[in-house]
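Please open the model in a viewer and keep the sequence panel beside it. The stops below each begin with a selection and then state what is found there.

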Amino acid sequence: MTALFLVLAGAALLLFSHRYAWWRPAVDYHRPRILMYHMVSDHRPGARFNKLRVKPTMFEQQVCWLKEHGWHFATMGELMQNRTLPKKTVAITFDDGYEDNYLQAFPVLKKYAAKATLYLVVDRFDRDWSTNKKSHHDSGELMQEPKLTDVQVKEMLASGLVELGGHTITHANLIRLDREDKVREIVAARTELQESFAQDISSFAYPFGIYDAEDVSICADAGFLSAVTTVEGIDRDRFSNPYLLKRVKISGKDSMFAFGLRMKTGLRGWKR
Ligand SMILES: [Zn+2]
C-alpha cells in the first residue's frame, strides 16, 4: 500500500514538474519582461480563443502581484528610450484593441498606476482577421468581439498610463503581401495612428507574430524603435535585435502559480 502511494505520488510530482518546469532558474531580473495580453474578459463556453481571454479577476491579481513584488511598469517607448532601467521592469502589452481593454483592464491599470502599451489595429471593426492566418478559423469569434472606439482610446492615452503601438491597418498576414502592401500596412498604420491620436508611435507588433526579413527592415525604416513578436521568452539584450523582441505570453488558462513562473523564466512549462 505504501509502495503504491509512493509510486503514485512520484508520478504526480513528475507530471507537475514536467508541466511547470519549476526548477528552471530565474532569468536575470535586470532584463525587462514584455507581457503579451489580448482580451481581459470572462471565458465564453466552448470558444476557440479563450486562451486569449484573461479573466478580469485574474488580471487584477496579476497586476497586484507585480506591484507587491516590486515590479516597475514601463511602456515600450520607455523600454527602448532608456538604456538603463530599474531591476524588475515589466512592459504590459495588449494586442488588437478589444473594448474590454478599456472596460476591464484600464480601471485596474489606473488603480495600480500600471503602464501599458496598446497595439491597435487601425481598421478593427467588422473585420474577421482570424482567417488571414488559417482559413478555417472562420467562426467570426474575434470579429464579433467588441473593439475599442477612438474615444475610449483617447481617454486611455490621456491618463498617461497607456501608449499606442502599431499593429497594421487590417491585422494583415504580412508574409502574404507584396512589398507595396506591406509598406501600406506597416508605415501607413503608423502615420494614421499618429494623426488620429496625436502621439508618437514608436513600437510595432507583427500580427499573428508572422513576419519575414522584409517586414523587419520595413519596420526599421519606418522609424519604429522596436517590434515585438509572439516568440516566448525574455531577451538577453533588447537592443541587439530590437525588431525581433520576445514576449512573455499570458494565457487565459494560467493560474497565479503559472504567472509567477512566467515572470521568473519567461516560460510556463518544460518545452521550448
Ligand atoms: Zn493581433
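A residue counts as buried under 20% relative accessible area, as exposed over 50%, and as partly exposed in between, with a 1.4 Å probe and protein chains only. This is a predicted model, in which local features need pLDDT of at least 70 and side-chain atom pairs count only at pLDDT 80 or more, while totals for chains, interfaces and linings use all residues. Residues are numbered from 1 along each chain as its sequence is written, and side-chain values use heavy atoms, with hydrogens and water left out.

Select Thr 149, in the loop between α6 (141-144) and α7 (150-158); helices are DSSP runs of H or I with at least four residues, strands are E runs of at least two, and both are numbered from the N terminus. Thr 149 counts as partly exposed because its relative accessibility is 32%. Apart from neighbours within four places in sequence, Thr 149 is in contact (heavy atoms within 4.5 Å) with Arg 124 and Phe 125. Asp 200 is 51 residues from Thr 149 in sequence and 19 Å from it in space, C-alpha to C-alpha.

Next, select Gln 62 in helix α2 (residues 56-68). Is this residue, Gln 62, buried or exposed? Gln 62 is buried, because its relative accessible area is 0%. Not counting residues up to four places away in sequence, Gln 62 touches Tyr 37, Val 54, Ile 250, Met 256 and Phe 259.

Now select the zinc ion. Its protein donors are Asp 96 (OD), His 167 (NE2) and His 171 (NE2), at 2.0 to 2.2 Å; donors are N, O and S atoms within 2.8 Å of the metal (3.2 Å for Na, K and Ca), and sites may look incomplete because water is not among the atoms. Along the chain, the donors of the zinc ion follow the spacing D-x70-H-x3-H. Asp 96 in strand β5 (residues 89-96) and His 171 in the loop between β7 (162-166) and α8 are 75 residues apart, a pair that links distant parts of the chain. Both Asp 96 and His 171 are buried.

Finally, display helix α8 (residues 179-197) with helix α9 (residues 213-222), which pack at an angle of about 40 degrees with axes 10 Å apart. Axes are lines fitted to C-alpha atoms, for helices over the stretch in contact, and angles run from 0 to 180 degrees between N-to-C directions. The residues making the contact include Val 183, Ile 186 and Val 187 of α8 and Ile 218 and Cys 219 of α9.
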